[in-house]
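Please look at the structure first.

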Amino acid sequence: MLRKALLKYGLVTFASSGLANVIEPLTGGRGAILMLHRVRPKPSRAFQPNGHLEITPRFLDSALRGLKNLDVDFIHLDEVPERLAVSTGKRFVVVTLDDASLDNLTEALPVFKKHNCPFTIYASAGFADRTALPWWLVLEEVLAKRGIVDARPIGGDNAEVVGSLQQKRRAFPKLAEQFRAVFEQEKQTRIHEFADIHGLNVQKLMNDNFMNWQQLREIHKSELTNIGGHTVNHPMLARLRPEEIEAEIVNGAIRQQEMLGYYPKHFAYPYGNEAAADKLVFKVVQSLGFETAVTTRGGVLQGKGRESLVALPRLSLNGHFQDVRALRALMSGAPFVAKVGARERLHTFIAAFLGRGAASTKQ
């Protein structure tokens, strides 16, 4: 928690100092893709291990208003390839939401309509069909409702005592690591077993938290909405064989075509970090013809060939950093100057700035 607080303080301080405005012309790039998951009022429950995956509707409203003040264009994901191909024009923002949570329809859609802001939802077919389960939410619900948790279905040796809030908070990351370690080919079976032995009503859990196909059709009625692919079972694709990677992606897309009437043009890698989406996975996705594919790796979009359209970075609207000033700092691109193109431009700017300073001193 201290690390998160320090990071938020650093981002807010950077934006408040005015440095974001100074550095943005060199590091801000052509635009950015925002990454969201859940949008709902803050729950009253003290145990919130997945709190980083959700923001409030009020913060979403503030974030969109703040971006308007930066004079950026809100655009559809369809426009990104063309925008990145040119070096002129206003900066742009694309909004994306992973996993198709029910609150995207009930809470987020009215905010997007208010600001006339397009957005893309990446839907896992298994979540919409209620055949796949998100382990992180299952684990949260079991820990929240039980005093003892049996970890044997996910490779644990014994039961965990989780009667107190402190015990639950300690147990979550430990059990999460065990879930991540389960072979992807077995993961959904293990998640279902874990939920079953703890008496969790998974049908209610999914109905309360994720859109079904009817609800996805409903949200897609808005001209602002695009639905992208997100596999069937939400696996870490890099841990699968190439033929399994292709099957997860294609079967999810075909199911979307069956239920929504069109094959997705855009894709999001489940988890999306280096461990989940590597060069082999990118190669498979490229071969399947998607126009864009997004990761969870941080960064703004520099354009002109500086990033692959099937490995696009995003800026996370993290639940722990619900402050428009933190978003302002991220939009400046400054936290990502380690990336080669931005770093070179920043060095050029610093050298020129110091040169002007030296000349002024001599005068």
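This is a predicted model: local features need pLDDT of at least 70, side-chain atom pairs count only at pLDDT 80 or more; totals for chains, interfaces and linings use all residues.

Q: Why is isoleucine 249 called buried?
A: Buried means under 20% relative accessible area, exposed over 50%, and partly exposed in between, with a 1.4 Å probe and protein chains only. Isoleucine 249 has a relative accessible area of 2%, and is therefore buried.

Q: Where does isoleucine 249 lie, and with which residues is isoleucine 249 in contact, leaving aside neighbours within four places in sequence?
A: Isoleucine 249 belongs to helix 12, residues 242-260; helices (H or I, at least four residues) and strands (E, at least two) are DSSP runs, numbered from the N terminus. Contact means heavy atoms within 4.5 Å, and, with neighbours within four places in sequence set aside, the contacts of isoleucine 249 are Thr231, Leu237, Phe267, Val285, Leu288 and Phe290.

Q: What makes strand 1 and strand 5 a pair?
A: Two strands pair if DSSP finds at least two bridges between them. Strand 1 and strand 5 (residues 92-98) have six bridges, in the parallel sense, and among the partners are leucine 36 with leucine 97 and leucine 34 with valine 95.

Q: Which other strands pair with strand 5?
A: Strand 4 (residues 73-74) runs parallel to strand 5 and is joined to it by two bridges, with phenylalanine 74 partnered by valine 93. Strand 6 (residues 119-123) pairs with strand 5 in the parallel sense over four bridges, and there valine 95 stands opposite phenylalanine 119.

Q: How do you know that strand 5 is mostly covered, and which way do its residues point?
A: Seven of the seven residues of strand 5 are buried. Phe92, Val94, Thr96 and Asp98 point one way, and Val93, Val95 and Leu97 the other way. In a regular strand the side chains alternate between the two faces of the sheet.

Q: How many aromatic pairs does the structure hold, and why is the pair of phenylalanine 112 and phenylalanine 119 called stacked or edge-to-face?
A: The structure holds 10 aromatic pairs. Rings of Phe, Tyr and Trp (its six-membered ring) pair if their centres lie within 6.5 Å, and planes under 30 degrees apart count as stacked, over 60 as edge-to-face and the rest as tilted. The centres of phenylalanine 112 and phenylalanine 119 are 4.3 Å apart and their planes are at 20°, so this pair is stacked. Both phenylalanine 112 and phenylalanine 119 are buried.

Q: What makes the pair of tryptophan 135 and tryptophan 136 stacked or edge-to-face?
A: Their ring centres are 5.9 Å apart and their planes are at 85°, so the pair is edge-to-face. Tryptophan 135 counts as buried because its relative accessibility is 5%, and tryptophan 136 because its relative accessibility is 11%.

Q: How many cavities of 30 Å³ or more does the structure hold, and which residues are closest to the centre of the largest cavity?
A: There is one cavity of 30 Å³ or more. Of the 14 residues lining the largest cavity, Arg38, Leu53, Ser101, Trp136 and Phe210 are the closest to its centre.

Note on methods. Residues are numbered from 1 along each chain as its sequence is written. Side-chain values use heavy atoms; hydrogens and water are left out. On a 1 Å grid over the protein atoms alone, a cavity is a set of points where a 1.4 Å probe fits but cannot get out, and a pocket is an open set with protein on both sides within 12 Å along at least five of seven lines; lining residues have an atom within 4 Å of a point. Grid points are joined across faces, edges and corners, and a volume is the space filled by probe spheres set on the points.
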